[in-house]
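Biologist: Could you take me through this model? I would like to begin with its overall division and then turn to the helices.

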Amino acid sequence: MRAFLIALASVHVVIAAVSAVMSGPNIPESVWWWLNFDLTLVVVPVAGAWLGASIVHTTSRRRWFDRRAECAVRCALAGLGAGALGAGLGLLWVIWIDGVHEALGTGAGSFAAAVAVVVLLPRARPGRCVRCGYSLEQTDRGCCPECGGYATLTL
Ligand SMILES: [Zn+2]
């Protein structure tokens, strides 16, 4: 899950940096403004995504998040997708909904996007290869005959 969250966080950091540069001279010289800015655009969305991904992964394990599956690159790509989707949803919220703090929108959008993306990742099932999902119930060896991968998943 680390690669997923790092990639997702990098999307939000880039968006925050770009919007800070674009606002340029209009930014007040205030620590509180920056704190609010960073919380709204980076900290809260990343926390929301972490919460969403953790809830899905805890409820029903995902193979890609198992370190033995060696899926860091795919996890990072999923994280980029979830980050972009979450930022889009957060932006829609901020545009359409007034009167609540914008961080609620960016957090909720990021949470929803992380849940939607992680739900699509392949599930880990007992007795199946952690890397490719091949059923290992018929094999008594510790490794997968399909991909040469790792021992059966113990849940
Ligand atoms: Zn396998």
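Modeller: The domain assignment gives domain 1 (2–120) and domain 2 (125–155); such bounds come from an automatic or database assignment. This is a predicted model, in which local features need pLDDT of at least 70, side-chain atom pairs count only at pLDDT 80 or more, and totals for chains, interfaces and linings use all residues. Residues are numbered from 1 along each chain as its sequence is written.

Biologist: How far apart do the C-alpha centres of domain 1 and domain 2 lie?

Modeller: They lie 33 Å apart. The contact takes six residues from domain 1 and five residues from domain 2, where contact requires C-beta atoms, placed from the backbone, within 7 Å.

Biologist: Turning to the helices, at what angle do the axes of H1 and H3 cross?

Modeller: The axes of H1 (residues 2–23) and H3 (residues 72–96) cross at roughly 40 degrees and come within 7 Å.

Biologist: Which residues of H1 meet H3?

Modeller: Among them are Phe 4, Leu 8 and Ile 15 in H1, while the H3 side includes Cys 75, Gly 79 and Ala 87.

Biologist: And Ala 49: buried or exposed?

Modeller: Ala 49 is buried, because 31 other C-beta atoms lie within 10 Å; the cut-off for buried is 20 or more, and for exposed 12 or fewer. Ala 49 lies in helix H2 (residues 31–59). Its contacts beyond four places in sequence include Leu 5, Ala 82 and Phe 111.

Note on methods. Axes fitted to C-alpha atoms, helices over the stretch in contact; angles between N-to-C directions. Helix = DSSP H or I, 4+ residues; strand = E, 2+ residues; numbered from the N terminus. Contact = placed C-beta atoms within 7 Å.
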